[in-house]
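Trainee: I have a structure to read, and I want to start with its interfaces. Can you walk me through them?

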Amino acid sequence: MKYQIAMLIIFVFLSMVSVGCWDRREIETLAFISIVGIDRPDAATDGIRLSAQIIKPFVIGTEEPGDLQERPFWLTSADGRTAGEASANLREESPRIPFWAHNTHVVVGEEFAREGVAEILGFFTRDPETRRRVHMLVVREARAEQLLQAEFELQRLPALGLERLLLASERFIGTTVSSELHDFVMALETEGLEPAVTALRIVDRPPEGDIEGELARDEVCESIRIDGTAVFSSDRMVGWMDRGESRGVAWARDRIQSTKIIVPHPTQEDEAATLRVTDAAGRMEVEVQDGQPSARVTVNACADLVELTAPADPFLDYRKWQAMEEDLAGQIESEIHDALRAAQDRLSADVFGFGQCLARQHPEVWEDVRADWSDEFRELPVQVKVQGEIRESGLLMRAVQPGREE
Amino acid sequence: MNSPTREQISPYQMLALMFFTRLASRTLICPTTMTSPPTRDLWIADAVSAAVAVIFVVAVCRLGEKYPDRSIIQYAGDLLGGPVRVGIGITLAAYFLFVGAYSARMLGEAFTMSIMPHTPLTVFIAGITLLAANAARGGLEIIARAGELLFPIILALLLLLLILPFDQVDPTRFLPLLPNGLAEVIPATTIEFMFYLEFIVLGLLIPHLRAPEKATRFAVIFTAANGLFMTIMCLIMVGIFGPTLDALGLQAFLLARMVRVGEFFERVESVLLASWVLSTGVKISLMIWGFCTCLQQIGGLVRWRHLSYPVGVLLTASSLLLFTDVANMARLLAEPWTLVSITSVLVLTALLWGGHILRSRGENER
């Protein structure tokens, strides 16, 4: 009996000390960071300015009409010599403890990205609170702290809005190369592959004047738009790819889930047809002949016809259907060529990962070219082969034609 | 002869104990990556070490089958004489103490590194060791029953953790395969094999087995299955983390953090934390039991259970004092300890086999 009592006392004691008294943090003492922005404090100063959107739970959790006018986040920033110090300095202003586990986006200002982001990666990958599955983003022609001021009309929390924007872009548009911190670090460490991340732009929406009426308008002056891809060479950003070029990279890297493509109308000039790509498979291969590497990109895309701007019945004429399939393939091919030109001539950055393919498929050749891969990549001949197929034509079996019954 | 020898465990319980012994050291801090082979080939080290471990396990179990009622220490005395028996007993006791100490330290460091950075290491180490010592005090049957109960649960949870992030595996990250030949993975294979030597505890378990004659069969099947499991886990980690794998302190923990299903099912690392506590708890209790059994059999003690708490205190102190920090522990395990443990355990096994062969020849000649 004495033994049982002694054990009971020990276990009660253990349960008291083992629940984490030292690491105990009550939820009401935490400041949940949802998006973080990284810039230099100013052009002449080294160090980091860390801006953070901190969620105001007491605003989100209310349904009082007056509170809907209040922004559901608090934007604050702190400077430091390192990201870690800046993070600690956030506490000088925040009465709650900055909590990183729910951060979903790391936004980097263009200027900072061009100088190199390596110095912040240590903080975001080493700290146990931060997670590798946060989105890495770069703001075009602006500072990250400016972007953190922007909001969405349809989503009160910008972090959630941005999350859904990126998700939609990845699933339905494919005009950017999205990248999580994990992907970025992987690309940075992988030989023959340069990192690429989604580029954001701040969209100005100046107020259109007072709106009379019963409904109060919560005006959003600055919003956010996805605008292509930021391309890096090692950890330094070297330039941008526009929407088409970004999609070109996405085709080759097999990142397209669904997207819409405009092709010429099957019968009428100056008119167009919209195709929705429902399935696409991209593959990159590198061959070596006489010691010289060359690459091949193969894409197979299946699409549905979703729109014709002028009446036509292409499914009645197989040749027209086939012509549209060729146009689909041609359009994809052209986007890949545009992306290749941008990567090889303008940016000199192998965002496709041809070097990585070469290293894996022909390691002995890679050993010879790895030191000068950036130059080799510029001259790398790339053959693009695309197969397009159109399967469905939506709910219509023929096009709507004005005055057809007459 | 004494209470431990009267305890009996089933082959399934033995498998569970072997599973926890191996799991605890593979999913916590992994010193293997310190040898810096190309990380994409680390899975080969897992596969090869398991294959070599099968040979080691056969050597230990076959010997045990020949002396089904005697533990490794007892038949060491029969084969090689009293002083060698004491030497082997002390070596094994020290070995179990060290294995228990680094297992407890790994758990403490893993918790401090991952979720509770401000909590002193002592709390984790002393806490888990106290629980383990309490289980060990209950005897082998208690430990085995705990292992038996937890084995399917933890295995299912781990399988889930391996399946859920599978969509992020990029098979091209395994290429090129062994560009500089197999020699490159030898250091990593050696370290992985060093952990398999913990199966020397089978030498103490076999006399307690309900069917000692089946020990080899079960142990071989399980070591191979274990090796397969570890290889698949390593393949998944290489496929996800690629060249960055060797930079990660807690690979299995970060693997669990990569789980995201349907934009809502994520943050499942607590599952891994639970499996760490349970598997390390079972392993440490087995090591404490092993240590106590060694002392009992060297000293001819009638009772050993009262030793478990003092041994727990000794293990806690060793765990705290033997290593200065996590990097020091990983280095110590990767280099000197690998050499010392492989040498001592293999020499010990070879000595016993030598003694057995000589004795068999002598008996045949007679």
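Mentor: Start with domains, whose bounds come from an automatic or database domain assignment. In chain A the assignment gives domain 1 (25-241) and domain 2 (253-406). The model is predicted: local features need pLDDT of at least 70, side-chain atom pairs count only at pLDDT 80 or more, and totals for chains, interfaces and linings use all residues. Residues are numbered from 1 along each chain as its sequence is written, chains are lettered from A and ligands numbered from 1 in the order in which they are written, and side-chain values use heavy atoms, with hydrogens and water left out.

Trainee: How many residues does each domain of chain A give to the contact?

Mentor: Contact means heavy atoms within 4.5 Å. Domain 1 of chain A gives 20 residues and domain 2 of chain A gives 24. The domain centres, taken over C-alpha atoms, are 32 Å apart.

Trainee: What area is buried between domain 1 and domain 2 of chain A?

Mentor: Buried area is the accessible area (1.4 Å probe) that two parts lose on being put together, summed over both. Here the value is about 1,600 Å², with 54% from carbon and sulfur atoms. On the domain 1 side of chain A, Glu191(A), Gly192(A) and Met241(A) lose the most area, together 32% of what that side buries.

Trainee: Which residue forms a salt bridge with Glu191(A)?

Mentor: A salt bridge puts a side-chain nitrogen of Lys or Arg within 4 Å of a carboxyl oxygen of Asp or Glu. Glu191(A) pairs with Arg370(A), and their closest N and O atoms are 2.1 Å apart. The rule finds 1 salt bridge across this domain interface of chain A.

Trainee: Now the chains. How many residues of chain A are in contact with chain B?

Mentor: 30 residues of chain A touch 35 residues of chain B. Together the two chains bury about 2,800 Å², 55% of it on carbon and sulfur atoms. Arg131(A), Arg133(A) and Arg360(A) supply 27% of the area that chain A buries against chain B, more than any other three residues.

Trainee: How many salt bridges are there between chain A and chain B?

Mentor: The count is 3. Glu180(A) forms a salt bridge with Arg260(B), with the closest N and O atoms 3.4 Å apart.

Trainee: Which element gives the most to the side of chain A that touches chain B?

Mentor: Helices (H or I, at least four residues) and strands (E, at least two) are DSSP runs, numbered from the N terminus. Elements giving two or more residues to that side of chain A are α1 (2-17), α7, α8 (181-189) and α11 (354-361). α1(A) gives the most, with 6 residues.
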